Amino acid sequence: MTGETSGTTVTFVVIDGWTVTVASVGDSRCILDTQGGVVSLLTVDHRLEENVEERERVTASGGEVGRLNVFGGNAVGPLRCWPGGLCLSRSIGDTDVGEFIVPIPHVKQVKLSNAGGRLIIASDGIWDALSSDMAAQSCRGLPAELAAKLVVKEALRSRGLKDDTTCLVVDIIPFDHPILPPTPKKKHNLFSSLIFGKMSRTCLSKSTNKLSAVGVVEEIFEEGSAMLTERLGKDFPLNSNSRLLRCAVCQADQTPSDGLSLNSGPYFSPASKPWEGPFLCSNCRKKKDAMEGKRPSRPESETTYEIETLIRGLVDPQ
């Protein structure tokens, strides 16, 4: 049963030239280390302990957020949502928790400069031990495969093997730059620092400005809402020639009777709220309800038959 109800986090990355698109659910993380040494976070952690916005969404949806109570009434561990006890607000799977745990990803798209950059994609075991800057700095100047191994080694050295500790490094760089160069570091003794401190700070400021220009990242798109109505909008794409409605997800043209439109009422269970988004075909509506954790309602006669069968089995197990 555990294999059927357990869940996972996901960090999905699509690279198209200099354009990087990241979709993430949970607390795995993807960071971008540019040629200029600027580290950017391309994902959002969906941990209830750290994400106030997600905590508010879960409680507004009917979930309870709190720590695990042990003998004596002491609360221990990270914040979790109940029922289920999950410390994340979004995941893939976890079918034994409430509808407020959703698999709807945070999506971010950026465009790198032609100087490129390095992606470090890793599970929470890495980020529990290392900050984004520490992970990036620990492997600069190394080939991608060796860099990933070094990040894992650094995380294990810092915290030990306490969780999934997996790392993938991808370099997006011009052909004439085989690896990201290490960030230059200069050492000064105390005497020279006192004399040349002001000049060093001025030079560092100029150098930083130059590096920032090299590692500039253009943000194209970002969407983190867990509400599909907000992400899809409420417009009804209508084909003026055929008078057919177009599904907002799969873009297939269908007659209104073949799908669901605004305020069409619950499609799965009576407890479901009416869909207030754009037209969806029946297949996409089923997928939407599945993403929101809703279960299809069964005919009352079928449910009654199963209950009667269960009772007979308990009374007369044979």
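**Salt bridges, sheets and cysteines in a predicted model**

Let me open with Glu 154, which is partly exposed at a relative accessible area of 22%; by the terms used here, buried means under 20%, exposed over 50%, and partly exposed in between, with a 1.4 Å probe and protein chains only. Its salt-bridge partner is Arg 157, with the closest N and O atoms 2.6 Å apart, and Arg 157 counts as exposed, at 61% relative accessibility. A salt bridge here is a side-chain nitrogen of Lys or Arg within 4 Å of a carboxyl oxygen of Asp or Glu.

Residues are numbered from 1 along each chain as its sequence is written, and side-chain values use heavy atoms, with hydrogens and water left out.

Glu 154 and Arg 157 both belong to helix 5 (residues 144–159), where they are three residues apart, about one turn of the helix. Helices (H or I, at least four residues) and strands (E, at least two) are DSSP runs, numbered from the N terminus.

How many salt bridges does the rule give? The count comes to 13. One of them joins the side chains of Asp 124 and Arg 47, at 3.8 Å from N to O. Asp 124 sits in helix 3 (residues 124–127) and Arg 47 in the loop between strand 5 and helix 2 (52–60), so this pair ties together parts 77 residues apart in sequence. Asp 124 is buried, with a relative accessible area of 12%, and Arg 47 is buried as well, at 17%.

Four of them form an open sheet in the order 5-4-10-11, with antiparallel pairing; two strands pair if DSSP finds at least two bridges between them.

Elsewhere, strand 6 (residues 64–69) and strand 7 (residues 75–82) pair in the antiparallel sense over five bridges, with Ala 75 in strand 7 as the bridge partner of Asn 69. Their hairpin has five residues between the strands, and Gly 72 there takes a positive phi near 100 degrees.

Finally, the cysteines. A search of the whole structure finds zero disulfides, a disulfide being a pair of cysteine sulfur atoms within 2.5 Å. For Cys 87, the nearest cysteine sulfur is that of Cys 81, 9.0 Å away; Cys 87 is partly exposed, at 25% relative accessibility. Which cysteine holds the sulfur closest to that of Cys 281? It is Cys 284, at 3.5 Å, too far for a bond. Cys 281 is buried, at 4% relative accessibility.

Key. This is a predicted model: local features need pLDDT of at least 70, side-chain atom pairs count only at pLDDT 80 or more; totals for chains, interfaces and linings use all residues.
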